[in-house]
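Trainee: I have a chain to read today. Can we go through it residue by residue, then zoom out?

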Amino acid sequence: MRVVVNVPDNLPAIMVDPGHTKEMLSVLIENAVGHSDPSSPLVSVTAEQKGNEVIIAVENNGPAIPPENLEHVFEQYWRSSGPDRSEGTGLPLYIAHELARLMGGRMWFSSALDSTNFTVALPVA
């Protein structure tokens with residue numbers, strides 16, 4: 001497993017709950033690790049300031065989320081079906097999404113042939 005972190009030293013403070021932020025980022029990183037390419041797993045974590053937000057992205061090198069699953073990713077208790085069905089409760093991504101919202105932020109994702117990227121924008125203090 002390779003994890004690449006690119007977070008500049010000069011990021012501004014963000015208005016967040018530290019416990020919620022730790023939980024949200026843990027969910028995103030664990031999800032990225034669990035869905036990375038098993039033959040050469042790679043996860044990258046980046047952060048940057050854009051306007052009045054800090055944008056944090058967690059990306060893996062695993063297969064794309066199937067198109068029929070895209071609209072359900074942040075739904076409570078939802079899990080994908082088929083051979084790549086994940087184990088678990090279907091709650092972690094829902095919880096991470098809700099934590100971002102509760103802290104005044106937003107969360108979204110993109111998924112392509114060989115990578116999936118979950119991004120969260122949090123307000124600068």
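Trainee: Is tyrosine 77 buried or exposed?

Mentor: This is a predicted model, where local features need pLDDT of at least 70, side-chain atom pairs count only at pLDDT 80 or more, and totals for chains, interfaces and linings use all residues. Residues are numbered from 1 along each chain as its sequence is written, and side-chain values use heavy atoms, with hydrogens and water left out. Buried means under 20% relative accessible area, exposed over 50%, and partly exposed in between, with a 1.4 Å probe and protein chains only. The relative accessible area of tyrosine 77 is 55%, so the residue is exposed.

Trainee: Where does tyrosine 77 lie, and what is its phi?

Mentor: Helices (H or I, at least four residues) and strands (E, at least two) are DSSP runs, numbered from the N terminus. Tyrosine 77 sits in the loop between β3 and α2. Its phi is positive, in a residue other than glycine, and lies near 70°.

Trainee: In what order do the elements of the chain run?

Mentor: Count first: there are two helices and five strands. From the N terminus on, the order is β-α-β-β-α-β-β.

Trainee: Is alanine 47 buried or exposed?

Mentor: Alanine 47 belongs to strand β2. Its relative accessibility is 11%, so alanine 47 counts as buried.

Trainee: Which residues does alanine 47 touch?

Mentor: Contact means heavy atoms within 4.5 Å. Proline 8 is 39 residues away from alanine 47 in sequence, yet their C-alpha atoms are 7.2 Å apart. Leaving aside residues up to four places away in sequence, alanine 47 touches Asn6, Val7, Pro8, Leu11, Ile55 and Ile56.

Trainee: How many bridges join β2 to β3?

Mentor: Two strands pair if DSSP finds at least two bridges between them. β2 (residues 42-50) and β3 run antiparallel. They form a hairpin with two residues between them, and glycine 51 in the turn has a positive phi of about 65°. Threonine 46 stands opposite alanine 57, and the number of bridges is eight.

Trainee: Why is β3 largely enclosed by the rest of the structure?

Mentor: β3 also pairs with β5, antiparallel, over eight bridges. Within that pairing, glutamate 53 faces proline 123. Strand β3 covers residues 53-60, and it is largely enclosed because the buried ones among its eight residues number seven.

Trainee: Which residue of β5 stands opposite tryptophan 108?

Mentor: β4 (residues 106-112) and β5 (residues 115-123) are antiparallel, with seven bridges. A two-residue hairpin connects them. The residue opposite tryptophan 108 is threonine 119.

Trainee: What do the buried residues of α2 pack against?

Mentor: Helix α2 spans residues 92-102, and its buried residues are Leu93, Ala96, Glu98, Leu99 and Ala100. Just after α2, glycine 104 has a positive phi of about 80°. The buried residues of α2 pack against α1 (18-34), β4 and β5.

Trainee: What is the radius of gyration of the chain?

Mentor: The radius is taken over C-alpha atoms, and the globule rule is 2.2 Å times the number of residues to the power 0.38. For 125 residues, a compact globule would come out near 14 Å, and the chain agrees, with a radius of gyration of 14 Å.

Trainee: What share of the 125 residues is buried?

Mentor: Consider the contacts too: of those with a separation of 6 or more, 64% link residues 24 or more positions apart. The buried share of the chain is 34%.
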